[in-house]
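Hi everyone, thanks for making time for this. Please have the sequence and the structure open while I talk, and stop me whenever a word is new to you.

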Amino acid sequence: MERHQATLSILPTALVEALHDTLSLKPADDSQRIAQTEMVKALQTAMDARRQRIVVSQSAVGTVKWAGILLQGLCTLVAIAMVNSDNRLACAIAMTLFATGIALSLLLITAYSRPFTGEISVRPDLLKQVITSGQPSSNP
């Protein structure tokens, strides 16, 4: 997903096999039936999480959005300069504050435009949890 190679058209074989194996079990009593239902719900949750991660990984901040954000910031700074043109100190302070806000907004948008890379990335914890819980245990 980080390299944008995952697609929704390719089904996750491990999750599909686990779902198939779970559904092929014949529960003997109510407790096994409940366990089977919970396993199916957990696998469906993992598949939904995978779908959401793929959708998020394919989203991007386009050129039009960047241009709109920068133009809005420029217009705001020009409006502040025009309103405070009679008081240079107030104008400088207001423009510095708003320019800092614009810079912070751009930084956050840039940081979150690639959600699976960097320090503040989204991790596949739920998918890993399902994979590890689906593995047969080596303890007798």
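Some ground rules before the tour. This is a predicted model, where local features need pLDDT of at least 70, side-chain atom pairs count only at pLDDT 80 or more, and totals for chains, interfaces and linings use all residues. Residues are numbered from 1 along each chain as its sequence is written, and side-chain values use heavy atoms, with hydrogens and water left out.

Let's start with the inside. Which residues make up the largest nonpolar core? There are 6 residues in all: Leu15, Leu19, Val40, Leu43, Ala46 and Met47. By nonpolar core I mean a set of buried Ala, Val, Leu, Ile, Met, Phe, Trp, Tyr and Cys residues joined through side-chain atoms within 4.5 Å. Buried means under 20% relative accessible area, exposed means over 50%, and partly exposed is in between (1.4 Å probe, protein chains only). Helix α1 (13-24) and helix α2 each supply at least two residues of this core. The largest share, 4 residues, comes from α2. When I say helix, I mean a DSSP run of H or I with at least four residues; strands are runs of E with at least two, and both are numbered from the N terminus.

Now find Met47. Leaving aside its neighbours within four places in sequence, Met47 is in contact with Leu15, Val16 and Leu19. Contact here means heavy atoms within 4.5 Å. Look at Val16 in that list: Val16 lies in helix α1 and counts as partly exposed, at 34% relative accessibility. Val16 and Met47 are 31 residues apart in sequence, and their C-alpha atoms are 8.9 Å apart in space.

Next, a pair of residues that touch each other. Thr22 is found in helix α1, and Gln36 lies in helix α2. Is Thr22 buried or exposed? Thr22 is buried, with a relative accessible area of 4%. Not counting residues up to four places away in sequence, Thr22 touches Gln36, Met39, Val40 and Leu43. Gln36 counts as buried as well, at 14% relative accessibility.

On to charges. Side chains of opposite charge can pair when their charged atoms come close. For a salt bridge, the rule is a side-chain nitrogen of Lys or Arg within 4 Å of a carboxyl oxygen of Asp or Glu. How many salt bridges does this rule give? The count comes to 3.

Arg33 and Asp30 form one of them, at 2.5 Å from N to O. These two residues are 3 residues apart in helix α2 (residues 30-58), so they are separated by about one helical turn. Arg33 is partly exposed at 39%, while Asp30 is exposed at 53%.

Another salt bridge joins Lys41 and Glu38, at 3.8 Å from N to O. Lys41 is partly exposed at 44%, and Glu38 is partly exposed at 46%.

Then there is Asp48 with Arg51, whose closest N and O atoms are 2.2 Å apart. Both lie in helix α2, 3 residues apart, about one turn of the helix. Asp48 is partly exposed at 35%, and so is Arg51 at 40%.

Let's move to helix α4 (residues 88-112). With 25 residues, α4 reaches 36 Å from its first C-alpha to its last, close to the 36 Å expected at 1.5 Å a residue. That expected span is 1.5 Å times one less than the number of residues. The buried residues of α4 are Cys91, Ala94 and Leu106, and what covers them includes α3 (63-83). Asn87 caps the N-terminal end of α4, with a side-chain oxygen 3.3 Å from the backbone nitrogen of Leu89.

Last, the cysteines. A disulfide is a covalent bond between the sulfur atoms of two cysteines. The cut-off used here is a pair of cysteine sulfur atoms within 2.5 Å, and the structure holds 0 disulfides. Cys75 is partly exposed at 47%, whereas Cys91 is buried at 13%.

How values were computed:
Polar contact = N/O pair within 3.5 Å; in protein donor to acceptor, adjacent residues only side chain to side chain.
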